[in-house]
Amino acid sequence: MIKVYNTLTNKKEPFKTIEEGKVTMYVCGPTVYNYIHIGNARSAVAFDTIRKYLEYRGYQVKYVSNFTDVDDKIIKAAQDMNLEPSQVTSQFIDAFFEDTEALNVRRADAHPTVTENIDNIIDFNQVLIDKGYAYESEGDVYYRTRKFKDYGKLSGISVDQLASGASNRLDEADRDKKEDPLDFALWKQAKPGEIYWDSPWGQGRPGWHIECSVMASQELGDTIDIHAGGQDLQFPHHENEIAQSEGKSGQAFANYWLHNGFVTMNDEKMSKSLGNFKLVHDLRKIHNPQTLRFFLASAHYRRPINYSEEAIHEAKQNLNRIKTALANARHRLQTAQGTLQEDQEDITAWQNLKDSFIQDMDDDFQAQNGIADLYEMIASLNRYIARDQVSKQVIDLYLEDLKAILYIFGVEDVEAEEDLLDGEIEALIEERQQARADRNFDRADEIRDDLRDRGIILEDTPHGVRWKRESRDEE
């Protein structure tokens, strides 16, 4: 049984969906005025991994992630770039897909935008006004925070805590417009020169929090299974979403709230002022995107993850070992037999490893434990293919299962690389040395021949094995 840590209750709970076998999942997406940074990517990867694991466990997942395409930052970026806001957002939506798809993040089933939902946002606001949860004031619309009795249930921040000093944080114009300093904007009156839409309250644009309430309910209904996003969104964004959505519908907005941890850079908080603000667009130029994905997917989604060159190097080495094992297994299929009766023990042991993986991932998607199980499976594969006699049936089973598990973590098309990486070569040489130590000379010769066929020349010296790449001119 899958258990999920629910931020709403601050405990792990059995995962029970609204409709059996189906999951509705909404993930807050980016504000599209720039390239995404590694923190944005962490959220996209974390919930893509969870989505894929739920599918692995047999669920049909409807996954929705939005784009905020009207916002103060977008308006400023458009002014700085001398472009229309729609030109800015179109550019960076395309860039988002380019970056995330390089990380093997699958597109959502729907990517709604704010500008596509203006009429729905206006209608939603009007219902809140009609129910007394919101009011118009000089062209703005505000939500009456105190009217929602459960405000603070997600973040644990009470209305009384918010009220302390709230009026001092408002400028004079806001103070005059609001009934209460705690009230937040649902609709903002347009300033001169800004993008706007006509509404019953005059020309303006949506507030930030209302957008996700509207898009989630439009795509998935009034109550959804999972609402997810970064920890920084828990308050006030997600808290306000709950107030808006439940104020309108009178129903629970989401049954499970999931929040991913932050990314630090060399053990420091990521920030522009510290000069450690890493964009995926730039990182892709110096690192294999699949390595970045494997690094981001290897930690438990709720825990912080520290980005460093050492951590990326470790992810690269681990990924190369996996690739090498799969390449070796595919090569070993050429000499494998049809079936071997005694291999039933290996199949049983393999199933135990799979069961361990599922048990760990069922426990709130403990990816770091799931990855450890994956390494055990790779080790088991390596031990099996090093035997004198192997079964094609068993190797096919191992490869099929590994492909499904690796897909969860975003490792795809590992056989596509024709050129061996240095780490893969070293791993093959290490396997050859072990085969020689075990007096399995057939396997040792097989590895040497395989490397030679792929352009790698080995030299056995008194000081160990040296290798070099065969010159292309020599071919």
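**View 1. Side chains of strand β6 in the predicted model.** In strand β6 (residues 140-143), D140 and Y142 point one way, whereas V141 and Y143 point the other way. All of these residues are buried. In a regular strand, side chains alternate between the two faces of the sheet.

**View 2. The hairpin of β5 and β6.** Strand β5 (residues 134-137) pairs with β6 in the antiparallel sense, over 4 bridges. Opposite Y143 in β6 stands A134.

**View 3. The pairing of β6 with β7.** Strand β7 (residues 184-189) runs antiparallel to β6, and 3 bridges join the two. The bridge partner of Y143 in β7 is F184.

**View 4. The length of helix α8.** Helix α8 (residues 234-249) has 16 residues and, at 1.5 Å a residue, should span 22 Å. The C-alpha atoms at its ends are 21 Å apart, which agrees with that expectation. Just after α8, G250 takes a positive phi of about 75°.

View 5. Helix α8 is mostly covered, since 12 of its 16 residues are buried. Among them are H237, H238, I242 and A243.

Conventions:
Residues numbered from 1 in each chain as written. Predicted model: local features only at pLDDT ≥ 70, side-chain atom pairs only at ≥ 80, totals over all residues. Heavy atoms only, no water. Buried < 20%, exposed > 50% of the residue type's maximum accessible area, 1.4 Å probe, protein only. Pairing = 2+ DSSP bridges. Expected span 1.5 Å × (residues − 1).
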